[in-house]
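User: I am new to reading protein structures and would like to learn how to approach one carefully. Could you guide me through the features step by step?

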Amino acid sequence: MAFSPRSVAVEAVLSAGQLLRERLGRVGEIRFKGAVNLVTEADVASERLILERIRSAFPEHAVLSEEVGASEGATGSRYLWVVDPLDGTTNFAHGYPQFAVSIAFVIDGVTELGVVYQPVTDELFLAQRGAGAFRNGHRIRVSDEDTLLMALLATGFPYDLERRKHALRHFAQFTTLARAIRRDGSAGLDLCAVAAGRFDGFWEPDLAPWDTAAGALIVREAGGTVTDYTGSPLTLESVSCVASNGKLHQAMLDVLHAD
Ligand code: IPD
Ligand code: CA
Ligand code: CA
């Protein structure tokens, strides 16, 4: 039986989301990747479930997933799955119900499919390149806001405590220039909130491809813009990320370049 990448990705995020929902509030063993960077048993269990689904449907495809890294033996493949099995681990570990499962499917370096699932609100964000962005099957669009002072923006901070000091400068600047700022703890969901017009923009200095690959396609397919801090289109190699409704993009880049 032939599987489509879309059906495999959707089934995987829904199953992993159910697993996370069931484990919320009883986190189990926690490991530390850094001073404050956690890995819970749920990250690992969610990842195992997703990778099993992908590998059984597409054994020849390459995988880049947060906890296991890049798959061995598949590096020559044109097809790559980029997986964050639990985006918002800190929230999850504290019982704060804002987290997601994020899967992107990439062909020859171009993201073709992005799926981000919020298991607690049961919101499935999905985009296929050239075919628009959707939340639970309904088309979504970025906001029309063109004035930074009227904008609701979101951001995130690096796990590296030293690098947070630098990020704080931008946080302070945006705080005095925009209506309000949120730091909600899941970059994937922050991007989906930009795509759905809930946030007008988002910036974060240190992100990995599994944080952004799916969400960036969802923002673009919703009519928004996603770049790095220099203004170049976001790629899987990018570290910094700025996402917006497009109208606010230059104003946001100007703030990030002000120092
Ligand atoms: C983190 C979240 C957070 C962001 C961090 C990410 P994780 O992902 O997306 O919002 O600020 O930079 O690393 O570690 O929970 O998968
Ligand atoms: Ca993440
Ligand atoms: Ca994660």
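**Salt bridges, ligand and surface**

Analyst: Glu162 and Lys165 stand 3 residues apart in helix H4 (residues 161-177), so about one helical turn separates them; helices (H or I, at least four residues) and strands (E, at least two) are DSSP runs, numbered from the N terminus. This is a predicted model, in which local features need pLDDT of at least 70 and side-chain atom pairs count only at pLDDT 80 or more, while totals for chains, interfaces and linings use all residues. Residues are numbered from 1 along each chain as its sequence is written, chains are lettered from A and ligands numbered from 1 in the order in which they are written, and side-chain values use heavy atoms, with hydrogens and water left out.

User: What do the side chains of Glu162 and Lys165 meet in?

Analyst: Side chains of opposite charge can pair when their charged atoms come close. Here Glu162 and Lys165 meet in a salt bridge, at 2.9 Å from N to O; the term requires a side-chain nitrogen of Lys or Arg within 4 Å of a carboxyl oxygen of Asp or Glu. Both Glu162 and Lys165 are exposed, where exposed means over 50% relative accessible area, buried under 20%, and partly exposed in between (1.4 Å probe, protein chains only).

User: How many salt bridges does a search of the whole structure find?

Analyst: The search finds 8. One of them joins Glu112 to Arg129, whose closest N and O atoms are 3.0 Å apart. This pair links distant parts of the chain, with Glu112 in strand S7 (residues 110-118) and Arg129, 17 residues away, in the loop between strand S8 (123-128) and strand S9 (133-135). Arg129 is partly exposed, at 48% relative accessibility. Glu123, Arg135 and Arg198, in turn, are linked in a network of salt bridges.

User: Which residues come nearest to ligand 1?

Analyst: A residue counts as near a molecule if one of its heavy atoms lies within 4 Å of it. Of the 17 residues around ligand 1, those that come nearest are Asp87, Gly88, Thr89, Tyr159 and Glu204. A backbone N or O atom of Gly88 lies 2.7 Å from an oxygen atom of the ligand, and a backbone N or O atom of Ala187 lies 2.8 Å from an oxygen atom of ligand 1. The protein covers 95% of the 380 Å² of accessible area that ligand 1 has on its own; such areas come from the Shrake-Rupley method with a 1.4 Å probe, and for residues only the protein chains shown count as cover.

User: Where is Val36 placed?

Analyst: Val36 is in the loop between strand S1 (30-32) and strand S2 (38-40), and is partly exposed, with a relative accessible area of 33%.

Key
A polar contact is a pair of N or O atoms within 3.5 Å; within protein, one must be able to donate a hydrogen and the other to accept it, and residues adjacent in sequence count only if both atoms are side-chain atoms.
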